[in-house]
Amino acid sequence: MLAGSDLRILLAEDNPVNQKIALVVLSKLGLQADTAKNGLEVLVALEEHPYDLVLMDIQMPEMDGIEATRIIRKRWPQGPKIIVVTSFDGDICRDICFDAGADDFLNKPVKVEELGAAIERNMGESCLSQVPQAAREESVLV
């Protein structure tokens with residue numbers, strides 16, 4: 001198990017406001033992340049650094065999160081965990097993401113507690129114990 005500060009996270013989100021909010025919330029969880037604006041940037045980042053976790057938006061320009069997830073699973077079958085974070089809801093979207101190789105699926109808006117729980121499920125990383133209850137109710141991505 002990695003210590004929170006050792007966990008390498010890549011945030012794939014094209015909306016600059018959502019990127020900033022997500023980075024602040026991750027810092028509340030004691031975590032940091034690098035960012036990518038689209039699936040192509042995600043693939044370049046993974047070539048350069050071994051990330052443990054990718055927080056993947058679905059709808060991004062140039063290459064969407066589903067296609068990026070498929071490519072990641074082909075190139076790095078044992079590679080990073082992928083948690084899809086999207087405003088698209090429903091079983092069909094969820095099934096498409098899991099079929100592409102996602103490890104988890106969260107709907108926006110995501111609360112700090114939901115994101116922390118997803119990281120714990122996928123990384124075995126306890127990151128909620130330090131977060132005050134009031135902060136757990138805040139939304140991370142809209």
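## A buried glutamine

Q19 is buried, with a relative accessible area of 13% (buried means under 20% relative accessible area, exposed over 50%, and partly exposed in between, with a 1.4 Å probe and protein chains only). Q19 belongs to helix α1, residues 16–28 (helices, H or I of at least four residues, and strands, E of at least two, are DSSP runs numbered from the N terminus), and the side chain of Q19 reaches the backbone oxygen of E13 at 2.7 Å.

## Basis of the model

This is a predicted model, in which local features need pLDDT of at least 70 and side-chain atom pairs count only at pLDDT 80 or more, while totals for chains, interfaces and linings use all residues. Residues are numbered from 1 along each chain as its sequence is written, and side-chain values use heavy atoms, with hydrogens and water left out.

## Salt bridges

The count comes to seven salt bridges, each being a side-chain nitrogen of Lys or Arg within 4 Å of a carboxyl oxygen of Asp or Glu. Among them, R8 and D34 meet at 3.4 Å, N to O; R8 lies in the segment before β1 (9–12) and D34 in strand β2 (residues 33–36), so the pair ties together parts that are 26 residues apart in sequence. R8 is partly exposed at 30% relative accessibility, and D34 is partly exposed at 36%.

Another salt bridge joins R73 and D103, with the closest N and O atoms 2.6 Å apart; R73 lies in helix α3 and D103 in the loop between α4 and β5, so this pair ties together parts that are 30 residues apart in sequence. R73 is buried, with a relative accessible area of 18%, whereas D103 is partly exposed at 29%.

Terms used:
Polar contact = N/O pair within 3.5 Å; in protein donor to acceptor, adjacent residues only side chain to side chain.
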